[in-house]
Amino acid sequence: MNESSQNLIGWSAIIGGCIAVAGFISLMLLFTVGEPFGTINDVLSIPSGILLLPLVVGLYRLVADGYPLSGRVALLAGIAGFLTTITGSILLLTNRIDFTQSLLPGIGGFGLIGLWVLLSSIIALRSGALPRGLAWAGVLLAITPSLALLTVFRLESIANGLTGMAGQAGGFQMSLPLMVVFLLGFISYAGLPIWFILMGRLFLTDRLGLTMGTAVVS
């Protein structure tokens, strides 16, 4: 991987991660203030997803040696995840789908992104392609989004929970299990953009060469 490619991946990941942080802040403001912060979150997810696509390819090139099948699965999951969230946001913003319908590409895309991070981090732990702290952070942050793929069959319940949290449904009370799921999801939603930024910094530093050398030796 040459220096120009590393710089492209690094800066796009940092900028995309920063935009994703702004999107998370907008989501929190939606639940406390209301619109237009939900719309802002949907808008920000588009450039964020586009900018993070190079990281998907770069991480694949970094960790896939020795684990070609798992690496390809992670690559496809990451690309599909970001493209799904981008498409869902565009359809929602152009009124082609409603809020409940948007949860399918939203949660499904988020789950695929989590699966990408989870698989890539596990491979990196086995190969030494990433610093162990960064790899473990990826694993821990990606578990909940990966499990979120199972919740696409409960979209109506999730929609009721989100609208209740946003103050759009009076008298809504969230059950404890649902509250735990939402809390873990928000932690991952907040933490993954930071992980993307840290990955971007890694691609911009000499430490990437050291980790690649360690992976080759191992």
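The legends below describe an overall view and close-up views of a predicted model.

Figure 1. The protein chain contains 8 helices and 0 strands, and its elements follow the order α-α-α-α-α-α-α-α from the N terminus. Of its 218 residues, 47% are buried. The accessible surface amounts to about 10,900 Å², and carbon and sulfur atoms account for 69% of that area. When contacts between residues at least 6 apart in sequence are considered, 78% of them join residues at least 24 apart.

**Figure 2. Close-up of helix H4, residues 99-127.** Helix H4 comprises 29 residues. At 1.5 Å a residue, the helix should span 42 Å, and the end C-alpha atoms lie 41 Å apart, which agrees with that expectation.

**Figure 3. Close-up of the two ends of helix H4.** At the start of H4, Asp-98 places a side-chain oxygen within 2.8 Å of the backbone nitrogen of Gln-101. Just after H4, Gly-128 adopts a positive phi of about 80°.

**Figure 4. Close-up of a nonpolar surface patch that includes Trp-136.** The patch covers about 540 Å² and is formed by Trp-136, Leu-140, Ile-143, Leu-147 and Leu-150. Trp-136 belongs to helix H5, which spans residues 132-148. The relative accessible area of Trp-136 is 43%; this residue is therefore classed as partly exposed, since that class lies between the limits of under 20% for buried and over 50% for exposed.

Definitions and conventions
Residues are numbered from 1 along each chain as its sequence is written. This is a predicted model: local features need pLDDT of at least 70, side-chain atom pairs count only at pLDDT 80 or more; totals for chains, interfaces and linings use all residues. Side-chain values use heavy atoms; hydrogens and water are left out. Patches are made of residues with over 30% relative accessible area and no salt bridge: like charges are joined within 9 Å, nonpolar side chains (Val, Leu, Ile, Met, Phe, Trp, Tyr) within 5 Å. Accessible areas come from the Shrake-Rupley method with a 1.4 Å probe; for residues, only the protein chains shown count as cover. A salt bridge is a side-chain nitrogen of Lys or Arg within 4 Å of a carboxyl oxygen of Asp or Glu. Helices (H or I, at least four residues) and strands (E, at least two) are DSSP runs, numbered from the N terminus. Buried means under 20% relative accessible area, exposed over 50%, partly exposed in between (1.4 Å probe, protein chains only). The expected span of a helix is 1.5 Å times one less than its number of residues. A polar contact is a pair of N or O atoms within 3.5 Å; within protein, one must be able to donate a hydrogen and the other to accept it, and residues adjacent in sequence count only if both atoms are side-chain atoms. Contact means heavy atoms within 4.5 Å.
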